[in-house]
Amino acid sequence: ATLLYYKEKGAVVCLSQTSMLSMHIKEGSNWKTQLKVKLPTVEGTSSIQCVWAGTHVLATASNQDSMVRMFNLDTEENYVLTLGDEHALKKISSLAYNTKTNSLAAGTREGCVVMWKYVGTESAKAAMHQREYNPEDDWHLQPGVNLPSTVTTIMWGPLMRLLAVLCADSAFILNKCTLQHKVRGGMAVVQLSADKVVLEDTDKIENATSRAVDTQMQVTGLDVTEKHLALWSGRKAEIYEIGRDEMTFLSTFATNGTSCALHRDSFLYNNGPRVAMCNFQGTIKQSLVFDEMQGQATHINVNGDFLVAATDKHYIKMWKLTGREAKQHGPGPGRKIECPGAPIGGIDSIRVNCNGTKVSILASSHENSAKQDSRVVVYDTENDNFSFYDFSASNQFPSGHYFDAEDPKLLAVETRLLAPAANSPLADESTGDEIEVTTLFCTSDDGVLLQETHQVAAAYEGACGIHVPYIYYFKKVNPEVVLPDMSYVESGVMRNFTGLEDVDPVTKKALLSFSYHLAVGNMDEAYKAVKQIKSPDVWENMAHMCIKTKRLDVAEYCIGNMGHIRGARALREASEFSEIDARVGTVAVHLGLINDAQRLFTGCERFDLLNNLYQACGEWDKALSVAQNHDRIHLRTTYYNYARHLQAVGDLKGAVDAYENSGTHKTEVPRMLYERNELEELERYIKLKNDPDLMKWWARFCESTGDTEQALEGYQAAGDFCSLVRVHCSREEFDEARDIALESGNAAASFHLGRQYELQENVKDAIEFFSRAHRYSNAIQLAKKHGLDNDLHNLALQASKREQVEAARYFEEKGMVERSVLLYQKGGYTARAVDLCFRMQLFDQLCTIATDLGDDTDPALLQKCANFFLEHGQFAESVRLLVASKEFERALAMAIDHNILISEDMAEAMTPGKDSPLSTEEKQSVLRRIAKCCKRQGS
């Protein structure tokens, strides 16, 4: 049985010999079994290996298995890792996992060690591309190692690259080999396996044929020049001469150098506190010595005629390799590496540029030697100082660095992700396989400046060199299959030179100078560098550079020289945006830099512009995703545009769905299907949806074609009673129309029927249905026309004030004063009604009007009415009106004289308020009189 501690959950995991896996958690003083599962095994299993293979992940294998079974205890997900075709039938005897490198090793009974590397990026890629995620894809199978006998135990050593293997009759220490690669002198050499390399001519990269070298030693390093190839293992070196069509073995000799280099007819290697320079037979011609305090030489590099070496105590020293002997180059007898900020750890590699003015250094982290420092350190020999560029902001670390063969300022740095996707099983461990190449300008005056970044395609293992305008990449290949016509190295054009690969050296130099000054921000020098260039292609390329650096002022100059009208217009329109990235992205679209525009719009969160860009590019899935997640205000518009696109390409079903999502299907779907003469499909769609608006559209269409029966069915289903009445009337089916209008109570239907009755001189029915439709003005006009005064009076009482006043004038002209007074009053013409009452001595009507008079009535009208009631002995009504008109003295006097009961409301109204113009004495006098009157009345 195997017992393992489950750190993440504080549990114990047990795997029995019967393949029963269980997990136990302690609760108080007792252990509780939380998980129990039977793992699949092969018949005849006698032993089972079980190790942790990352966070929550167990790796198990029995002595009868030809695969490793992976089980995630957190998600209960399980999958298998196969041994590959070469080792498919071998049986696993031992497992070991390295937490520092995320490597799982398996030993077999047939004497083989197979390894897998966890990269942890497939889950993120699958989510990004919305495809199914297979967890086994996160484990990459590595080349195996064959040993002479059965492997019984394997164990990783304290160093990340060492694996101890115990066999039945022997023991081995395996050292993980990093495959080497180099581009130099027009040649590219790539190591395919421990003992195999291939050579290609970079000047003929498109038609290059590879030349393979099989050696009997385990290659740990290599170097190449135009004429020679050197391979070494730490014990010996081999030298080959490169001919036109073949390679010739020159010599081999013993050397303990771990870092070596070629220069013309010399082979250089580190040898204790010195660098030995020897000929191709291994005879030392010169020793380049470090001081004793400077330590042992560990790394060397040659570029052109310059050599740089570094020691284990972080000293570097340079020599110029011209003449018979190497001469010291640079300030002082050696320089201690003093990186600004945090110090570096152990040096991993060192490079020198073509004129010996710059040295780049990669190192491990000072705090953790197992991790790579995120900085590339650059030493400037002219100013004798150190600077650096830090990749930690983009969550990356440098894994390779290469100076250009001709431009001393240009440095290419290969970088990889520091960590895998957050949702992978090893989110806190290891590195991913997302690779980029970043080009930097290393200058004495401005330090290290970013030029551009290139994403390395998935088909490549990484970068292996740079020579403007190309960056060289080496492919992912099967080391067991090497064919003469197979290319292992490919070139990629730097973004600033796209389409300008064959420009002359003068133009190439001008473009690099322009790019450099643009990065520095020196616009005057940038203009000077390219002012003599006439080619529109070159100006377009420089405009692309301006997009990368977000310099729209310079881009305007370049676009003007290009004669690019759309780009110039985009520049003017982009000025309306407040975000610089939005302005740059808009111009980038018109220059064809779609990926840059996407990145810029996303960075400034202008998802509306990103949405429009995806639509213009025909990437509708992305456009809809952006609209749904970030730009919902334009979601319906996006669906509508998508529907128009689908309609244009003939996908009617997809267009219907998109129109429905846009909310425009009630008009657009009928239009689309009608335009394409898909009437049967249109009828099926409308009846399937059973939507009132769609049914109404179909009914109108049927009516337009003369199919009134279908139209009536459609209007009935849509609940359009007005249209039903209209169709019945057109068919002279007035009884049916009348029934529908009465049953539905629909105002529009009643009005239409009323108009039909009016045309037929059926005045009574016309007035009835005009009234039902609340179209009283039509009914009133009809009643006037035919002298139906009673109907007119009733209609006017229900009509608006304007119609009431018109009717009142009509009745006044006809001498029907009582009706006229009532309508004037209801129409708001109270003064006219009162005046008419005075003239015609209509005492009862005036009394009715007076009851509605209040404080908001014209005081003159109130007094006039009060006097009228006083003359006719209606003292109580006269007092009320005098109070309303604020004639308190007269009202009190009349109330006292005629013993009119003063109500509480009247007393309250006559009481002077705070804003009254009366003096205090006058106010008190009024109050006393009110009180005396009330006392007299006993109230």
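Glu681 is partly exposed, with a relative accessible area of 34%, where partly exposed denotes the range between buried (under 20% relative accessible area) and exposed (over 50%), computed with a 1.4 Å probe on protein chains only. The model is predicted; local features need pLDDT of at least 70 and side-chain atom pairs count only at pLDDT 80 or more, whereas totals for chains, interfaces and linings use all residues. Residues are numbered from 1 along each chain as its sequence is written, and side-chain values use heavy atoms, with hydrogens and water left out.

Glu681 forms a salt bridge with Arg684, with 2.7 Å between the closest N and O atoms; a salt bridge is defined as a side-chain nitrogen of Lys or Arg within 4 Å of a carboxyl oxygen of Asp or Glu. The two residues, Glu681 and Arg684, are three residues apart in helix 14, and are therefore separated by about one helical turn. Helices (H or I, at least four residues) and strands (E, at least two) are taken as DSSP runs, numbered from the N terminus.

Helix 14 (residues 679-689) also contains Lys689, whose side chain meets that of Glu660 in a salt bridge at 2.9 Å, N to O. Because Glu660 lies in helix 12 (residues 652-662), this pair ties together parts that are 29 residues apart in sequence. Glu660 is partly exposed at 24% relative accessibility, and Lys689 is likewise partly exposed, with a relative accessible area of 38%.

A further salt bridge joins the side chains of Arg335 and Glu338 at 3.4 Å, N to O. Here Arg335 is buried, its relative accessible area being 17%, whereas Glu338 is partly exposed at 49% relative accessibility. Salt bridges also link Arg644, Glu668, Arg671 and Glu675 in a network. In total, the structure holds 34 salt bridges.

Turning to the strands, an open sheet of three strands has the order 13-14-15, with antiparallel pairing; two strands are considered paired if DSSP finds at least two bridges between them. Its edge strands, each pairing on one side only, are strand 13 (151-156) and strand 15 (171-175). From one strand to the next, the twist averages 20 degrees, with axes fitted as lines to C-alpha atoms (for helices over the stretch in contact) and angles running from 0 to 180 degrees between N-to-C directions. Strand 14 (residues 162-167) pairs with strand 15 in the antiparallel sense over five bridges, and Leu162 stands opposite Asn175 in strand 15.
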